[in-house]
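Please keep the model open while you go through this note. Each point takes one feature and asks you to find it on screen.

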Amino acid sequence: MAVEPLSNEEIERGLEDLPGWSLRDDRLVRGYSFPGHPAAARLVAEVAEAQEELGHHSDLTLGYNKVGVSVNTHSVGGKVTELDLRLAHRIEDIARGQGVS
Ligand SMILES: C[C@H](O)[C@H](O)[C@H]1CNC2=NC(N)=NC(=O)C2=N1
C-alpha cells in the first residue's frame, strides 16, 4: 500500500476524533495512566498483539503505572500517515475495552 505523509490540516482533522492524542515532533502521541503496574502492562501486551496483526508498530513506553504511545511511519521518513491514525484508533479501542480512558 502506498502511503503518503498527511498535511498538518489532515492530521488536525484526524486528531479531532482522537481525544487525548496530540502531534509532537512528527509523531502521534498519547499517555495513559493506570491504577498499578500489571494493568499498564496489560495494555502494552494487547496493543503489541494488535500491532503485529496490523503490521504497524508504535513505540510503547511502560512505566510503573503509565504507558506512553508514540507512532509515525518509517517508510515515509518518519512522518504521520493514515496508518498512524488507524493504529491510534485501534489502541483507543483496546484501551476502552480494558476500561482505560
Ligand atoms: C515490513 C514492515 O511491514 C514495515 O517495516 C512496517 C513495520 N512497522 C512499522 N511501524 C511503524 N510505526 N512505521 C512503519 O513504517 C512500519 N513499517
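The points below cover salt bridges and then the ligand.

1. First, a caution. This is a predicted model. Keep that in mind for every distance quoted here.

2. How many salt bridges does a search of the whole structure find? The search finds six. Three of them are described in the next points.

3. Start with Glu9 and Arg13. They form a salt bridge, and their closest N and O atoms are 3.3 Å apart. Both residues sit in helix α1, which covers residues 8–15. They are four residues apart, or about one turn of the helix. Glu9 counts as exposed because its relative accessibility is 58%, and the cut-off for exposed is over 50%. Arg13 has 47% relative accessibility, so Arg13 counts as partly exposed.

4. Next, look at Arg27 and Asp59. This salt bridge has its closest N and O atoms 3.0 Å apart. Arg27 belongs to strand β2 (residues 27–33) and Asp59 to strand β3 (residues 59–62), so the pair ties together parts that are 32 residues apart in sequence. Arg27 is partly exposed, at 21% relative accessibility. Asp59 is partly exposed too, with a relative accessible area of 42%.

5. Now find Glu92 and Arg30. Here the closest N and O atoms of the salt bridge are 3.1 Å apart. Glu92 lies in helix α3 (residues 82–97), while Arg30 lies in strand β2. The two residues are 62 apart, and the pair links distant parts of the chain. Are they buried or exposed? Both Glu92 and Arg30 are buried. For that label, the relative accessible area must be under 20%.

6. Turn to the ligand. Which residues are around it? They are Gly55, His56, His57, Val71, Asn72, Thr73, His74 and Ser75. Sorted by class, this shell has seven polar residues and one nonpolar residue. It has no charged residues.

7. Check the backbone around the ligand. A polar backbone atom of Asn72 is 2.8 Å from a ligand nitrogen atom. Gly55 has a backbone N or O atom 3.4 Å from a nitrogen atom of the ligand. At His74, a polar backbone atom is 2.8 Å from an oxygen atom of the ligand. How much of the ligand does the protein bury? Taken alone, the ligand exposes 390 Å², and the protein buries 57% of that.

Conventions: Residues numbered from 1 in each chain as written. Predicted model: local features only at pLDDT ≥ 70, side-chain atom pairs only at ≥ 80, totals over all residues. Heavy atoms only, no water. Salt bridge = Lys/Arg side-chain N within 4 Å of Asp/Glu carboxyl O. Buried < 20%, exposed > 50% of the residue type's maximum accessible area, 1.4 Å probe, protein only. Near = heavy atom within 4 Å. Polar contact = N/O pair within 3.5 Å; in protein donor to acceptor, adjacent residues only side chain to side chain. Areas by Shrake-Rupley, 256 points an atom, 1.4 Å probe, with all protein chains shown as cover. Nonpolar A, V, L, I, M, F, W, Y, C, P; charged D, E, K, R; others polar.
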